[in-house]
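This briefing is for a reader who is new to the structure shown below.

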Amino acid sequence: MESNNEFKPYIAADKSLPEMTVFSVVLGAILAIVFGGANAYLGLRVGMTVSASIPAAVISMGIIRMILNRDSILENNMVQTIGSAGESVAAGAIFTLPALFMWADEGAAVTPSIITIAIIAFIAGSLGVFFMIPLRSALIVKEHGILPYPEGTACAEV
């Protein structure tokens, strides 16, 4: 793979475009809930999950561009990121939390409540975000053009 160490953002830093609007956060949260629920059901039923990044990107573009007549790639990116994060947290929960229920059945632990599950999911999701913040420079800016990121590239192509 050829090396391209020059990072060139799609939107210039001097442009001021709306990104984190109320609409993008609400739409992203709705998609995160829908795709998170679907992913949790699928993962618990079949044992595998699917990515929600591309469907979230397509739905976001359809709603923001076609219905609202706005052309904001940054708002679309925000909705896609929030929707994808929701399904990722659901996938993390469905592959780890059943162990707590199995331990409770064996008498080794107490059955977790909904509050306990929500706290665990919130802490795990926050840790994922906090660990990704320092890695952004190393993985996205410095490795731009070297690492392929097929899912992110597919979302951008859509």
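The axes of α1 and α2 come within 11 Å and cross at roughly 140°. Axes here are lines fitted to C-alpha atoms, for helices over the stretch in contact, and angles run from 0 to 180 degrees between N-to-C directions. The two helices, α1 and α2, are therefore oblique to each other, given that angles under 35 degrees count as roughly parallel, over 145 as roughly antiparallel, 65 to 115 as roughly perpendicular and the rest as oblique. The model is a predicted one, in which local features need pLDDT of at least 70 and side-chain atom pairs count only at pLDDT 80 or more, while totals for chains, interfaces and linings use all residues. Residues are numbered from 1 along each chain as its sequence is written, and side-chain values use heavy atoms, with hydrogens and water left out.

**Helix packing**

- Two packed helices are described by the angle between their axes and the distance between the axes.
- The crossing of α1 and α2 is right-handed; a crossing has this hand if the near helix is turned clockwise from the far one by less than a right angle, and is left-handed if anticlockwise.
- On the α1 side, the contact with α2 is made by Phe23, Leu27, Leu31 and Phe35. On the α2 side, Pro55, Ala56, Ile59, Ser60, Ile63 and Ile64 take part. Contact means heavy atoms within 4.5 Å.
- The axes of α1 and α3 come within 7 Å, crossing at roughly 30°. These helices, α1 and α3, are therefore roughly parallel to each other, and α1 passes α3 in a right-handed crossing.
- For α2 and α3, the packing angle is about 140° and the axes are 8 Å apart. The crossing of α2 past α3 is right-handed.
- Where α2 and α3 meet, α2 contributes Ser53, Ala56, Ala57, Ser60, Met61, Ile64 and Arg65. From α3 come Glu75, Asn76, Val79, Gln80 and Ser84.

**The chain as a whole**

- The chain has 5 helices and 0 strands, where helices (H or I, at least four residues) and strands (E, at least two) are DSSP runs, numbered from the N terminus. Along the sequence, the pattern reads α-α-α-α-α.
- Of the 158 residues in the chain, 24% are buried. Buried means under 20% relative accessible area, exposed over 50%, and partly exposed in between (1.4 Å probe, protein chains only).
- The accessible surface of the chain comes to about 10,700 Å², and 69% of this belongs to carbon and sulfur atoms. Accessible areas come from the Shrake-Rupley method with a 1.4 Å probe; for residues, only the protein chains shown count as cover.
- Among the contacts in the chain with a separation of 6 or more, 72% are between residues 24 or more positions apart.

**Helix α1**

- Helix α1 covers residues 22-46 and has 25 residues, so at 1.5 Å a residue it should span 36 Å. The expected span is 1.5 Å times one less than the number of residues. The end C-alpha atoms of α1 are 35 Å apart, which agrees.
- Which residues of α1 are buried? They are Ser24, Leu27, Gly28, Leu31, Ala32, Phe35, Gly36, Asn39, Ala40 and Gly43.
- These buried residues of α1 pack against α2 (53-67) and α3 (73-106).
- Gly47 follows α1, with a positive phi near 95°.

**Ser24, Glu75 and Met78**

- Ser24 lies in helix α1 and counts as buried because its relative accessibility is 0%. Leaving aside neighbours within four places in sequence, Ser24 is in contact with Glu19, Glu75, Met78, Val79 and Ile82.
- Glu75 is found in helix α3 and is buried, with a relative accessible area of 0%. Not counting residues up to four places away in sequence, Glu75 touches Pro18, Glu19, Thr21, Ser24, Ser60, Ile64 and Arg70. Glu75 and Leu17 are 58 residues apart along the chain, with their C-alpha atoms separated by 8.8 Å.
- Met78 lies in helix α3 and is buried at 14% relative accessible area. Outside four places in sequence, the contacts of Met78 are Glu19, Met20 and Ser24. From Met78 to Met20 the C-alpha distance is 6.6 Å, and the two are 58 residues apart in sequence.

**Val141**

- Val141 is found in helix α4 (residues 114-141). With a relative accessible area of 22%, Val141 is partly exposed.
- The C-alpha atoms of Val141 and Lys8 are separated by 8.8 Å, although the two residues are 133 residues apart along the chain.
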